[in-house]
Amino acid sequence: MAGPITVFSARKIITMDAAIEEATHVAVRDGIVIELGDLDDCAAWGPYTLDDRFGSGVLMPGLIESHAHLLDGLLWAKAEYVGPVDRHDPSGKLRSGINTVPGLVQRLKELEAGLKDPSQPLVGWGVDPSLNDPIAPITRHDLDQVSSTRPIFLLHASCHIAYVNSATLTLANYAAVKAPGVTRDSSGEPTGELLELAAMMAAIKATAADMIGGSTDAAQFYNFAKVAQARGATTIVDGGGSTYFDPAFLKAALVATGAPDFPARIVAHHNGITVPTAEEMIRFAASLEGKGNDKLIFQGIKILLDGSNQGFTGRLRPPGYLASGANGLWNRGPEELKTLVPALHNAGLQVVAHCNADQAAELFIEAVATAQAKNPRFDHRHFIVHGQLLDESLMRRMAALGIHVTLFSNHLYYWGEFHRAHTFGAFRAGAMNPASTALRLGLVAAAHSDTPVSPVDPLLTLWCAANRVTAAGRVLGPRERVSAHDALRMMTFNAAYLLHRDHEIGSIRVGKRADFAVLAEDPLAIDPMGLRDIEVQGTIVGGRVFGAGA
Amino acid sequence: MDCLPVTVPVTILGGYLGAGKTTLLNRLLADVQGVRLTVLVNDFGEVNIDASLIANRDGETISLANGCVCCSIGDNLGLTLYDLAERPDGPEHILIEASGVADPARIAGYAGCHPRLCLDGIVVLADAETVQARAGDRYVGDVVRQQLAAADLIVLSRTDLLDASATRSVRDWIEAEMPGARVQEASAMSRLAQLLLAGGGGTMDMPSSSSSSSSSGKHDSLFAAWRLASALPLDGAALRRALAALPPAVLRAKGIVSLAEAPGRRFVLQLVGRRWSLEPEVRSDGSALAGPSEVVAIGLAGQLDMDQLEALFAPTLPAGLPRAVAVLLRQEDRA
């Protein structure tokens, strides 16, 4: 039996649907849109309840974060955010960035004062001295001002560096830790900076052991969804490192996402990252078939080809990294990738390929070409994640092979100046994340945050694609800017297509799920530079209202 | 034994895909004796050990009757290694198989992730048939070169498929590309495996083992050893000079020495290829011991120039020491 009808009213409804672009009322029944138009159009379906709480707002399809990591939710659960970048927390509150060392010390002192048990470590995340003003290292001497007895551990935004105080160095016996990543001063004493996991391991074990090795904490799922929801997302991707094939982890995920108050849908990629072989990847993916629920969907298998550009580990075509000419790291060997991609393709899986730099993308394109030549598949929707240095020639081959992309547009803002000065140089920095060309060539392009690498905030991400402004205010490659409409489409319909969910979400249309974002302003009517500052009033997921910060 | 090893040496085995790492590991696990070795591998499915040697198989871990263990690196090498070092019944030596595209120097960083662990050496296998072509490949050329550059010891595999002149030419190419490289042929994989572990446990109890040629057990005729022994402390500066100048034929050296500059304690010498370390001896009870000095250098039979080594190490002996006190043992090991 059909359920009751709710009609939501709005100042304007942006449908992102080709047939009818605007409306003022949408009728929802059983979580599905049944009508769209004005109130009379909706009334034709019979008795309804009018919900006009968002009557002065602008309704649009729920935003879709097409690449993120569940780790974000775990960090919010286990550590204090103390980074230099503004970030919304799971309650929707904006945490202002702290971009000086004295400011950081002050904030840590406040947090320290709130801890009762003197042996409880103080754990923070998100720090990044390269974004501080002035740029200054964080040392144990700074952190010793906070406490000489309580262990302190701060994780860098990249998750590749940590900063600790003397109490942690003593507790974890760093006098005997020989890893080269333990930075030392001229007298041989550790400075408190620990580079890479090998050097961080002993400190993590001593202060934050529950952050490593797989957590089944329900809070990580809620936080992950809430942070995105607060900024208008109704669907967020968990990008492939999680272990849903582990029964305990799957159970925790199903319990959390199965609750009626769970505030967003998670589309989880299968794990092709920590699972070593194609056979196991295919077996694990098959074992999860039909195992999801309304808010946990398994789609696509994520594989890694290279590292990160800001970490100098992306695989570039010549001339390599700026000045040094060096190249980055393959995550798997090219020969292996040339057999892995066809194996996954032949198994009927959608391949989601992390290719940060252009040589990695080139290799993936070649591997798909091999797979397609032997076993042509239509509508496979393989796509590249990041694709930061794609050019027209690579993208034409992608278009020919049916490969699409979600771009890492946030890099333009957060690391645009860094890439210009340190990794790519002027031309390639200006050509990064070429959304306009991608769309012109017919690729279905989306954009993403890769949180926790950069903050999950779909409005910020589409602002980046539309404006291409660095943190210093420079416009990188103005020709690659996209219109606000295209930017919205990237974060809705296009992202839904990449996730094989465009028949259900990504636009507001009769028959699709009632997943909406409610904004205080019309993103198509304002200066695109204002997109990132639009207030989110709430979201609606399957017809259920979630207030901002719900 | 009154002194449990407090330091666990870690060897990195690198090399591009197909260079023969798994073959070497399979043999190593079956052959090794006298050392509780744990091998961490990338592709657990490739490990192929004679069923008769397996004592227990539990998920991603195989325990062998000889005390060795093989387990999967899993998704976090740091965590796996750290937890291993925490085990009271843990290994005496750890060997990590680096993935075929990994930079072994980066993996070597993990060898210091726990206070008990220390890097023993980086051994990189190179397929003699393909290494040169791979080094020119547009996708992996830089990776292959980086691996070779990181090696303390390069081992050429598949030389049995090449004639002598082709092998010679590959060696020449490596030596030209990587000045100072130590290159050896893996014509006998299982023996090579023993050489990799010749350091044994982290401490050497010289007095009790001085009667045998080395603590790693016997070397067969493939290898030759040269030995220096002195009842009096050695000259540390001269010893360091000698170690830095060792000929490429020395594949492995180890020793425990007293130095004139630091009386009252001993130092542990470890050398793999061109990497060597001379560190104060660490004993589990925190005590320091003085005692006689002994250094053993190992290389392939026929390649080790004993006279050259003797001349090289002569300045390390206390000046003016009567020949009768400085006992120079010179010995070729036999099986």
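Predicted model: local features only at pLDDT ≥ 70, side-chain atom pairs only at ≥ 80, totals over all residues.
Visitor: Let's take chain B; what percentage of its residues count as buried?
Guide: Chain B has 10 helices and 14 strands; helices (H or I, at least four residues) and strands (E, at least two) are DSSP runs, numbered from the N terminus. A residue is buried if 20 or more other C-beta atoms, placed from the backbone, lie within 10 Å of its own, exposed if 12 or fewer, and partly exposed in between. Of the 335 residues of chain B, the buried share is 47%.

Visitor: And what share of the chain B contacts between residues at least 6 apart in sequence join residues at least 24 apart?
Guide: Two residues are in contact if their C-beta atoms, placed from the backbone, lie within 7 Å. Counting the chain B contacts between residues at least 6 apart in sequence, the share that joins residues at least 24 apart is 76%.

Visitor: Which helix of chain A gives the most to the side that touches chain B?
Guide: The contact draws 28 residues from chain A and 22 residues from chain B. Helix 6 (196-207), helix 10 (334-346) and helix 11 (358-374) of chain A each supply at least two residues of that side of chain A. With six residues, the one that gives the most is helix 6 of chain A.

Visitor: How many residues of the side of chain A that touches chain B are nonpolar?
Guide: For the classes, Ala, Val, Leu, Ile, Met, Phe, Trp, Tyr, Cys and Pro count as nonpolar, Asp, Glu, Lys and Arg as charged, and the others, Gly among them, as polar. On the side of chain A that touches chain B, eight residues are polar and six charged, and the nonpolar ones number 14.

Visitor: Back to helix 6 of chain A: how many of its 12 residues are buried?
Guide: Helix 6 of chain A reaches 16 Å from its first C-alpha to its last, close to the 16 Å expected at 1.5 Å a residue; the expected span is 1.5 Å times one less than the number of residues. The buried residues of this helix include Glu196(A), Lys205(A) and Thr207(A). Helix 6 of chain A is mostly covered, and of its 12 residues the buried ones number 12.

Visitor: Which strands are at the edges of the open sheet in chain A?
Guide: Six strands of chain A form that open sheet, in the order 7-10-11-12-14-13 and with mixed pairing; two strands pair if DSSP finds at least two bridges between them. Strand 7 and strand 10 (residues 122-127) of chain A pair in the parallel sense over two bridges, and Tyr81(A) has Trp125(A) as its bridge partner in strand 10. The edge strands, each pairing on one side only, are strand 7 (80-81) and strand 13 (182-184) of chain A.

Visitor: Where is the cis-bonded Pro134(A)?
Guide: A cis peptide bond joins Asp133(A) and Pro134(A), with omega about 0°. Pro134(A) sits in the loop between strand 10 and helix 4 (140-144) of chain A.

Visitor: Why does His386(A) count as buried?
Guide: His386(A) is in strand 19 (residues 383-386) of chain A, and its phi is near 90°, a positive value in a residue other than glycine. His386(A) counts as buried because its C-beta neighbours inside 10 Å number 27.

Visitor: How many other C-beta atoms lie within 10 Å for Arg158(B)?
Guide: Arg158(B) has phi near 60°, a positive value in a residue other than glycine. Its place is the loop between strand 8 (153-157) and helix 6 (164-177) of chain B. Arg158(B) is buried, and its count of other C-beta atoms within 10 Å is 20.

Technical notes
Residues numbered from 1 in each chain as written. Chains lettered and ligands numbered in written order.
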